[in-house]
Amino acid sequence: MAKQLLLTIGLLDTIIFNEARWEDLLKNPSKVASAKIEKRVGLLKEDEQDETARFSPKEKSGKEDDRYMINPHFENLLSKKGHWFLFKKEDQSPYQLGEIIIAIAAHEVRHRIQYRLQVELFSPETVTGNQLLDSIIKSAEKDMSRGWRIINAEDKEKEFDALVIEKITGEIVGAVNSDLGSIAEIIKSTTIDEIKEKIELLQ
Ligand SMILES: [Zn+2]
């Protein structure tokens, strides 16, 4: 399962930062597992064992490249902590494991976008006028205030934004017109208006 998360993060990152086309990667999946992606993957340190996955920007890790660290015990963590299984989608249906994996991957790749680009971040005060999006923002606010997520986050604003992207992904991943390419489009958007437009195209 950790492997599947690794592959999904790799796919999304490659689509966004290497401008690869999703369709081409599908035809030739060996292109995804490039040295670049493998190099960024490492085991979490002892004190980080609680995290399923984490993006670590160059600024904090000295000379190394940006890295994504995946906890090899990802699946155990999910069932132990059960966070994701407590969450319900907007229609109250539970998340499927595949949806959880893509949503977590989207969250981590969004962090890389936040560090690399000038991004307008979602906040609990954001109102977009799109019903689904506004309701996701409200539910992200609830998750944060219940302390289910990100209690010790160094940067709460970036975490809130990544949580909203994670939840958007969980909602749209099964939508008729969505694939990893359209999810990548949302993750890399730098304004909230852009994200709203892209979601409306899928609805
Ligand atoms: Zn995060």
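What follows is a chat about a predicted model of one chain.

Q: What helices and strands does the chain have?
A: There are 10 helices and 3 strands in this predicted chain.

Q: In which sequence do the elements run from the N terminus on?
A: It goes α-α-α-β-β-β-α-α-α-α-α-α-α, with the strands sitting between α helices in the order.

Q: And what's the mean pLDDT of the chain?
A: The mean is 79, and 73% of the residues reach 70 or more.

Q: Where is confidence lowest, and where is it highest?
A: Helix α3 (residues 35-40) has the lowest, with a mean of 39, while helix α10 (residues 192-202) has the highest, at 95.

Q: Over which residues does pLDDT stay under 50?
A: That's residues 33-42. The model does have 16 contacts beyond four places in sequence for them. Still, where pLDDT is low, the predicted coordinates should not be read in detail.

Q: OK, new topic: how many residues are in the largest nonpolar core?
A: The largest nonpolar core has 43 residues. Those with the most contacts inside it are Leu-5, Leu-12, Ala-105, Ala-106, Val-164, Ile-183 and Ile-187.

Q: Which helix gives the largest share of this core?
A: Helix α6 (residues 97-116), which puts in 9 residues.

Q: What does Val-164 touch, leaving out residues up to four places away in sequence?
A: Val-164 touches Phe-122, Ile-136, Ile-137 and Ala-140.

Q: What share of the chain is buried?
A: Buried residues are 33% of the 203 in the chain.

Q: And of contacts between residues at least 6 apart in sequence, what share joins residues at least 24 apart?
A: 68% of them do.

Q: Switching to helix packing: at what angle do α1 and α9 cross?
A: Roughly 65°, with the axes of α1 (residues 2-17) and α9 (residues 180-187) coming within 10 Å.

Q: Left-handed or right-handed crossing for α1 and α9?
A: The crossing of α1 and α9 is right-handed.

Q: Which residues make the contact?
A: On the α1 side, Leu-11, Leu-12, Ile-15 and Ile-16; on the α9 side, Leu-180, Gly-181, Ala-184 and Ile-187. By type, the contact of α1 with α9 has 7 nonpolar residues, 1 polar and no charged.

Q: Now the loops. What's the phi of Gln-92?
A: Gln-92 has a positive phi, about 75°, although it is not a glycine. Its place is in the loop between α5 (83-86) and α6.

Q: Where is Ser-123 found?
A: Ser-123 lies in the loop between α6 and α7 (131-145). It is partly exposed, because 15 other C-beta atoms lie within 10 Å.

Q: What does Ser-123 touch, again not counting residues up to four places away?
A: Ser-123 touches Glu-157 and Phe-160.

Conventions:
Residues are numbered from 1 along each chain as its sequence is written. This is a predicted model: local features need pLDDT of at least 70, side-chain atom pairs count only at pLDDT 80 or more; totals for chains, interfaces and linings use all residues. Axes are lines fitted to C-alpha atoms, for helices over the stretch in contact, and angles run from 0 to 180 degrees between N-to-C directions. Helices (H or I, at least four residues) and strands (E, at least two) are DSSP runs, numbered from the N terminus. A crossing is left-handed if the near helix is turned anticlockwise from the far one by less than a right angle, and right-handed if clockwise. Two residues are in contact if their C-beta atoms, placed from the backbone, lie within 7 Å. Ala, Val, Leu, Ile, Met, Phe, Trp, Tyr, Cys and Pro count as nonpolar, Asp, Glu, Lys and Arg as charged, and the others, Gly among them, as polar. A residue is buried if 20 or more other C-beta atoms lie within 10 Å of its own, exposed if 12 or fewer, and partly exposed in between; C-beta atoms are placed from the backbone. pLDDT is the predictor's confidence in each residue, from 0 to 100. A nonpolar core is a set of buried Ala, Val, Leu, Ile, Met, Phe, Trp, Tyr and Cys residues joined through C-beta atoms within 7 Å.
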